[in-house]
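This report describes how the chains of a complex meet and how one of them is built. Please consult the sequence and the structure shown here while reading.

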Amino acid sequence: MIQFDNVNKVYEGDVKAINNVDLTVPDGEMVILIGPSGCGKTTLLRMVNQLETISSGSILLNGEDVTTLDKIEMRRKIGYVIQSNGLFPNMTIEQNMMIVPQLLGWDRAKKRDRFNYLMDLIGLNPDEFKKRFPHELSGGQQQRIGVARALAADPPVMLMDEPFGALDPIIRARLQEEFLQIQREVKKTILFVSHDIDEAVKMGDKIVLLRDGEVMQYDTPAEILNHPKNEFVNEFVGSDRVLKSMSLYTVKDLYKAFTLKPNFESKDIRTINEDTSLRVAISMILNQEADQLVIEDNEGNNHGSLTMDLLEQFLHKEIKGQEG
Amino acid sequence: MDTFNKRTALVVKILLWTAIAAFFIWGFSQGMFRQIYEQPGLFLELLGEHVLIIFASGFAAVLIAVPLGIFVTRPAFRRTEWFIVTVANLGQTIPSLAVLALAMGVLGIGVEAAILALFVYSLLPILQNTIAGLDSVDENTKDAARGMGLTNLQILWKVELPNAVVSIIAGIRTALVINIGTAALAYLVGAGGLGVWIFTGIRLFDNSYLISGAVPVTLLAIAVDLLFRYLERVLTPKGLILAREANEA
Amino acid sequence: MNELIEYFVKNYPFLWGYMLDHLEIVGLATITAILIGVPIGIYLTTNKYLAGTILQLASVFMTIPSIALFGVMIPVLSVINQGVGFLPAFLALVLYSQLPIIRNTYTGIQNVDPQLRDAANGLGMTTLQRLWKVEIPNAMPLIMAGVRTATVLNIGIGAIAAFIGAGGLGVVIYQGIVRANTTMVLAGAISVAVVAILADFILKLIQKKLTPKGAN
Ligand SMILES: Nc1ncnc2c1ncn2[C@@H]1O[C@H](COP(=O)(O)OP(=O)(O)O)[C@@H](O)[C@H]1O
Ligand SMILES: [Mg+2]
């Protein structure tokens with residue numbers, strides 16, 4: 001758990017970067033820090049592993065004030081990933097990834113097992129990449145190694161500063177998916193900086209929206225999208241926030257909210273799986289692939305048909321209905 | 001066009017080697033190298049003096065310049081860096097003969113003055129290259145290292161120095177090659193070396209002394225240059241060669 | 001220290017004369033070197049095979065100690081009775097200048113943004129127009145940097161050329177050594193150092209002036 005308690009940061013020259021931040025990152029959750037450039041995301045992140053000093057207030061890591069901990073020891077227990085991967089060009093992939101375990105004095109067998117496990121996790125062949133150097137890898141592969149390196153000594157906490165920010169959209173989306181998959185398996189406590197609201201909505205258990213070093217709203221993605229607390233949040237999440245929020249619901253959420261009759265009318269109506277997001281469902285309908293879609297669960301059972309009307313009703317019920 | 005270019009290059013190469021071969025044949029036929037084989041003892045003595053001056057000063061310069069370069073690039077002393085770099089740049093515009101003469105002004109005639117001059121003169125390129133090499137490590141990479149819990153010493157040892165080694169060796173090479181030439185002037189401050197024969201040749205208008213002194217000094221400089229270029233190549237970590245290629249592409 | 005100042009005051013005209021000699025030989029050699037080196041550098045951009053050979057040769061030349069190069073040139077030039085004096089010194093300076101000038105011209109022109117070259121071709125410039133209006137102006141800062149390196153180098157080597165009778169400030173140092181007159185040695189050494197530093201400074205200013213605005 002990471003707790004920020006009335007944290008402030010003033011840089012030299014009286015630059016106020018962080019203003020009275022109170023915030024808790026619960027165990028096993030991924031919290032996304034988001035906000036416009038220069039709002040203090042990186043600063044807040046770097047105060048946790050003490051790459052920046054804390055001007056006032058305190059940051060507790062599992063209940064202990066970080067300033068009372070040994071910096072070096074503490075950092076080795078926190079995974080750190082940055083945008084420009086920060087891989088050491090003079091070391092092989094294996095040396096890069098096993099740097100912290102090596103500093104911690106792990107034995108050879110343990111390091112090898114860990115390397116193989118992590119490479120599996122990020123979907124790269126351990127034997128093929130072991131002896132290669134960072135510059136022999138693509139940007140996406142380098143960033144995967146950066147993430148795996150942060151996971152190497154199995155730290156309970158991870159700090160990630162726009163880890164996928166430098167990648168092109170397709171690779172970025174793929175790495176986001178992969179990382180979500182990994183997080184489901186490893187359940188780390190993660191503070192993750194992003195400047196992309198779509199990424200935040202997709203990845204975060206919760207989202208912190210910062211502006212000029214102050215927390216504007218700290219909520220689940222659905223709350224942020226559906227109920228922006230003020231005009232700034234509303235503007236930041238964008239006028240298509242309702243559409244964005246649809247990606248947070250699946251077809252299953254929809255058919256659970258209504259009682260629908262199974263549809264057996266026509267055999268050539270297209271089906272849609274219950275795990276599909278509503279945003280995809282909308283585009284399917286709008287693209288006129290069909291004016292109705294038969295909902296199918298993972299066992300192949302028919303749960304009735306999905307129409308534009310139904311989606312609209314759901315929107316009113318779930319999202320707009322709660323407003324005001 | 002391409003074959004024409006290749007052929008031109010080949011012709012130029014052949015002409016060059018022919019000229020070099022012609023020079024040596026001419027030199028030998030005129031007995032211009034005769035001092036070397038007529039007084040081999042003296043030749044070896046002068047060569048020994050020459051090498052001693054170069055390596056004593058070069059070695060001392062490495063011992064001082066590399067740690068100094070490390071020192072000024074530490075965050076706490078960063079503010080001294082521009083000053084050191086400026087002095088190193090400026091110092092290298094001062095001709096070596098002037099430095100040698102100034103050292104003689106301090107220590108008088110003798111080997112010590114030559115070693116002092118060459119030492120001071122070698123400091124500059126080694127220092128300059130050490131600083132450039134250490135500075136070439138990406139800030140983000142160092143930041144990542146710090147964030148992962150490497151101590152400053154570990155960052156220096158595992159990341160910065162491996163990245164700077166090539167540049168440091170290039171600095172040592174530059175220093176040694178310049179020193180070999182300056183050591184040939186050491187005769188002027190009474191420090192011996194192969195310069196003795198070169199200056200004897202100039203004074204007596206005796207070409208055999210000139211060639212017997214100048215050609216070995218030239219070969220020594222070229223050999224040291226090639227040796228250190230080879231060292232640079234084999235000591236560069238493979239990952240860094242790839243990194244450089246990636247940056248150039 | 002006082003002695004030194006006194007020496008400078010007393011021998012000012014004498015030092016001035018040697019300095020002018022010094023600048024004359026260095027200046028002549030550097031201009032000749034530019035006239036030879038820049039066209040070679042430009043030509044080499046059209047022949048990469050020859051470029052490798054020539055740049056290597058020039059870099060080997062740079063490693064040859066100047067006094068040794070004089071030592072080799074005297075016997076060779078004495079075949080045409082020019083063993084000592086102006087000619088060997090002049091030739092040596094021209095040769096030493098070639099590496100920085102050729103290399104910088106070559107790199108400068110190679111580094112011109114290919115899009116600029118494309119644009120020039122697209123505007124219908126001939127090869128010569130393109131070279132003159134696009135490539136050389138853009139390579140100018142680097143070419144000037146090469147000229148600066150060569151000049152500073154030549155001022156130092158020019159001092160050594162005094163030993164083979166080419167005159168210049170080296171004469172002051174040489175005579176000081178011969179007469180065991182430390183003050184004279186220092187006066188000569190300081191003069192050469194000051195000339196080198198000043199030349200470096202002035203050429204740096206020119207280099208800045210010649211950098212087209214907007215080019216980096
Ligand atoms: N080392 C520093 N010294 C002074 N000001 C800084 C420093 N680092 C960041 N800042 C300032 O603090 C503010 C927050 O910066 P940062 O945390 O990097 O923002 P973000 O990561 O959200 O883009 C900015 O106004 C920035 O200019
Ligand atoms: Mg940032």
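## A salt bridge between chains B and A

In this predicted model, B:Lys238 and A:Glu136 join their side chains in a salt bridge, with an N to O distance of 3.8 Å. Between chain B and chain A the count of salt bridges is two. Six residue pairs across chain B and chain A are in polar contact, both residues of each pair being at pLDDT 80 or more.

On the side of chain B that touches chain A, helix H7 (139-147), helix H8 (152-183) and helix H11 (238-248) of chain B each contribute at least two residues. The most comes from H7(B), which gives seven residues. By residue class, this side of chain B comprises 11 nonpolar, eight polar and four charged residues.

## Extent of the B–A interface

The size of an interface is often expressed as the accessible area lost when the parts come together. For chain B and chain A, the buried area is about 2100 Å², and carbon and sulfur atoms give 65% of it. The contact involves 23 residues of chain B and 24 residues of chain A.

## The interface of chains C and B

Two pairs of chains touch, and the most contacts among them are between chains B and C. Chain C brings 43 residues to its contact with chain B, and chain B brings 42 residues. The area buried between chain C and chain B is about 3400 Å², with 83% given by carbon and sulfur atoms. C:Tyr49, C:Thr63 and C:Ile67 supply 17% of the area that chain C buries against chain B, more than any other three residues.

How many salt bridges are counted between chain C and chain B? The count is zero. Two residue pairs in polar contact are found across the interface of chain C and chain B, both at pLDDT 80 or more. The side of chain C that touches chain B draws at least two residues from each of helix H3 (48-63), helix H4 (66-78), helix H7 (127-161), helix H8 (170-178) and helix H9 (182-210) of chain C. H9(C) gives the most to this side, with 10 residues. The residues on this side of chain C divide into 32 nonpolar, nine polar and two charged.

## Chains A and C

Chain A and chain C do not touch. The nearest C-alpha atoms of chain A and chain C lie 23 Å apart.

## Architecture of chain C

Chain C contains nine helices and zero strands. Its pattern along the sequence is α-α-α-α-α-α-α-α-α. The C-alpha trace of chain C spans about 65 × 40 × 20 Å along its principal axes.

## Packing of H2(C) and H7(C)

Two packed helices are described by the angle and the distance between their axes. The axes of helix H2 (residues 12-44) of chain C and H7(C) come within 9 Å and cross at roughly 145°. This crossing of H2(C) and H7(C) is right-handed.

Which residues of H2(C) meet H7(C)? H2(C) contributes C:His22, C:Val26, C:Thr30, C:Ile34, C:Val38 and C:Ile42. Their partners in H7(C) are C:Leu131, C:Ile136, C:Ile143, C:Val147, C:Thr151, C:Asn154, C:Ile155, C:Gly158 and C:Ala159. The residues of the contact of H2(C) with H7(C) are divided into 10 nonpolar, five polar and no charged.

Definitions and conventions. Residues numbered from 1 in each chain as written. Chains lettered and ligands numbered in written order. Predicted model: local features only at pLDDT ≥ 70, side-chain atom pairs only at ≥ 80, totals over all residues. Heavy atoms only, no water. Contact = heavy atoms within 4.5 Å. Buried area = accessible area lost by both parts, 1.4 Å probe. Salt bridge = Lys/Arg side-chain N within 4 Å of Asp/Glu carboxyl O. Polar contact = N/O pair within 3.5 Å; in protein donor to acceptor, adjacent residues only side chain to side chain. Helix = DSSP H or I, 4+ residues; strand = E, 2+ residues; numbered from the N terminus. Nonpolar A, V, L, I, M, F, W, Y, C, P; charged D, E, K, R; others polar. Axes fitted to C-alpha atoms, helices over the stretch in contact; angles between N-to-C directions. Left-handed = near helix turned anticlockwise from the far one by under 90°.
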